[in-house]
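Here is a friendly tour of a few spots worth a look. Please keep the viewer open as you read.

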Amino acid sequence: QICNQHNAETPNLEQLLHRMAQTEPNLDHDISWFLLPSYWAKMVVALISFLCFANSYDGDFVFDDSEAIINNKDLRAETPLGDLWHHDFWGSKLSSNTSHKSYRPLTVLTFRINYLFAGGFYPVGFHVINIILHCTISVLMIDVFSILLGGLQFSNKGRRLNLAPKTSLLAALLFAVHPVHTECVAGIVGRADLLCALFFLLSFLGYCKAFRENKEGHNFSIFWVLVSVILGAVAMLCKEQGITILGLNAVFDALVINKLNVLELIQKLLRKDQSLENSGLLRKGLLFRITLLMSGGASILYIRWRIMGTGPPAFTEVDNPASFADSLFVRAINYNYYYSLNAWLLLCPWWLCFDWSMGCVPLIKSVSDWRIIALAALWFCLIGLICQALCSEDSHKRRILTLGLGFLIIPFLPASNLFFRVGFVIAERVIYLPSIGYCILFTYGFSLLSKQAKKKKILAVAVLGILLINVMRCALRSSQWRSEEQLFRSALSVCPLNAKVHYNVGKNLADKGNQSAAIKYYREAVRLNPKYVHAMNNLGNILKERNELQEAEELLSLAVQIQPDFAAAWMNLGIVQNSLRRFEEAEQSYWTAIKHRKKYPDCYYNLGRLYADLNRHIDALNAWRNATVLKPEHSLAWNNMIILLDNTGNLAQAEAVGREALGLIPNDHSLMFSLANVLGKSQKYKESEALFLKAIKANPNAASYHGNLAVLYHRWGNLDLAKKHYEVSLKLDPMAPGTKENYNLLRRKLEQLQKKGG
């Protein structure tokens, strides 16, 4: 649909744009840089952006990838597709009190497609898609920057012209190689930012198409305005920042299409000047288009609000300490300090960290803190740029500075804490879109320096040097994101006061079996943050395994005191109390854990072990049955049920449970072994033998498997086979209990038989 906003007195839009191109200075005239055909420029940007992050293609799942991908049931085929629209990014129900309310169903859908095509959790496919997305976005940036830096103009055939090929190439290269983007590209959960950016740019380019010339003269296309709104909605369904493109489209329309002088407009509004009607606000349909954009944005936000519910996400003080400060002054001053740190990461992206919470950035509590200088520097620069953007007599300068500041600030607003509390201090991923504004300002500053400089080539070499350094920094940072060990250790030098960094290093070491080193990092995490309950829980677990039960109990008791609904800590406290033979307290701790996490199969399993120790066999069987109902593949619970029924002489019931378990977990060799023992006692030798042999095939180095098969043959009268498996069992474990005695009995029997035969 085409909307005519044209009359006899209105000049043709093409003439206006040609006149603007002729009268306004062109940034390309002032810089010494490469001039490449459009196709080659895009090939160069794609290649360089690929080289920056190519070494991350075969990295592992790291950090948040575990929760968003590996533990996210929404990726699995058995989860209905419709659930994606009612769950948050991490797979939790949006209605849940624990939900982060991060509603990104389209991003999760791409993860699900990755998972289905790969046939499982293989990270290569996930990483390759991220790299391709960043390359695509970087290439699109050439078109975006050509409009933002050179203006919007179409040929007679309706083809958009690139009026700033050199500066748009430079800005796109700056974007493509910025090291702060590593988290988005090398970290798989950064897919949300990449998809959001892709549709964000497509929405902007779609909006620009609304002003393409046609035969009827000065027109705009409602169709493309609506397409832009829809693409903005798609961007928001990938990540929340996407909605900000609608505001930026409105700013672009006012400054580039309508060439409004913001300061002059403000002055006329204050004076209630009647000449407002002649300002182009109504004549060119600006108010109508802004109404479409704002109506679309309001509708999108309302629908999202209805889906996610009215409750805000639940964050803790360690996630964002400034937002929990009692003093408005402390909150304001720290928020502004965070902004200055984000700005510094754009200017000098050398100190990068996967997590900036938990003491990484200590709170500023008084004006005597020297870090106030950073705030002053930030606002000095911003106010200077804003004054130039509003007051400069050069309309070209006003336009570029306002667009640069708009793209820098507006996409950052959802992460600014101004409208709602966010769950982080600094997050490098949220600077992906604002870096567009930084690239505009950097490129414009470079053109101004080039205009004044006598030796332009020296400046060009300096910028090339910056690009080369950034490429190397991207490659280095990408290699650090390849594994959790490298990623976590890289943060120790950047944020040594961050308890979460030490916790993650400790957890990584513990997962690899290096408990002694893990203890050191867990202790440091607790020292840095005495209320860090997860570090206390993990440290208590290791101490429990090392039989240092007293300290383990103290840590776990403190953890549940700080966070009374911490179910895992309650369960681990119960295990320690059970080991200390304080059975009543252990039982109470287990039930408290189940109270706070009703679907807790591991806790039911441990409760069953407690009841078994107390000879409360019925209670033990019920607890283990609950564990298997909640988690049908809980092998340990099934095994314990079979063994307890076997030991109490309930062979028929033990056999029934064993067959039920193997029906659910057919390849579990421990279950085969337990059921084989029961069948042997029931004199079902042939079936028992088959299960023993199958278990041994799955786990040939288990001495007990060979030993018990030998006992079966011994009973069955297959003495030669019994002798063979006794010997294998003793070879694998010379100290195997009972095996040596049984073997000696068999040897004496064989000797007696030989004597009788002789």
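Is F63 buried or exposed? F63 counts as buried because its relative accessibility is 16%, where buried means under 20% relative accessible area, exposed over 50% and partly exposed in between, computed with a 1.4 Å probe on protein chains only. You will find F63 in the loop between α2 (38-53) and α3 (65-70); helices here are DSSP runs of H or I with at least four residues, strands are runs of E with at least two, and both are numbered from the N terminus.

Leaving aside residues up to four places away in sequence, F63 touches F354, D355, E484, L487, F488 and N504, a contact being heavy atoms within 4.5 Å. From F63 to M641 there are 578 residues in sequence and 37 Å in space, C-alpha to C-alpha.

## About the model

This is a predicted model, in which local features need pLDDT of at least 70 and side-chain atom pairs count only at pLDDT 80 or more, while totals for chains, interfaces and linings use all residues. Residues are numbered from 1 along each chain as its sequence is written, and side-chain values use heavy atoms, with hydrogens and water left out.

Helix α12 covers residues 286-308, and its 23 residues should span 33 Å at 1.5 Å a residue, the expected span being 1.5 Å times one less than the number of residues. The end C-alpha atoms of α12 are 33 Å apart, which agrees.

The buried residues of α12 are L286, R289, L293, G296, G297, I300, R304 and M308. Their cover includes α8 (191-209), β2 (219-221), α9 (222-238) and α10 (244-257). As a reminder, an α-helix has 3.6 residues a turn, so residues three or four places apart point the same way.

R304 has a relative accessibility of 11%, so R304 counts as buried. Not counting residues up to four places away in sequence, R304 touches K101, S102, Y103, M236 and E240.

## Two helix pairs

Helix α27 (residues 635-647) packs on helix α28 (residues 651-664) at an angle of about 165 degrees, and their axes are 8 Å apart. Therefore α27 is roughly antiparallel to α28. Axes are lines fitted to C-alpha atoms, for helices over the stretch in contact, and angles run from 0 to 180 degrees between N-to-C directions; under 35 degrees counts as roughly parallel, over 145 as roughly antiparallel, 65 to 115 as roughly perpendicular and the rest as oblique. On the α27 side, W638, M641, I642, L645 and D646 take part, meeting residues of α28 that include L651, V657 and L664.

Helix α13 (residues 328-347) and helix α14 (residues 372-391) pack at about 70 degrees, with axes 9 Å apart. That angle is why α13 is roughly perpendicular to α14. I333, N336, Y337, Y339, S340 and A343 of α13 make this contact with I372, A374, L375, L378 and W379 of α14.

## Positive phi in two loops

Most residues other than glycine have a negative phi. N417, which is not a glycine, has a positive phi near 70 degrees, and N417 sits in the loop between α15 (395-409) and α16 (435-452). N417 is buried, with a relative accessible area of 10%.

Q683 also is not a glycine, and its phi is positive at about 65 degrees. Q683 lies in the loop between α29 (669-681) and α30 (685-698), and Q683 is exposed, with a relative accessible area of 59%.
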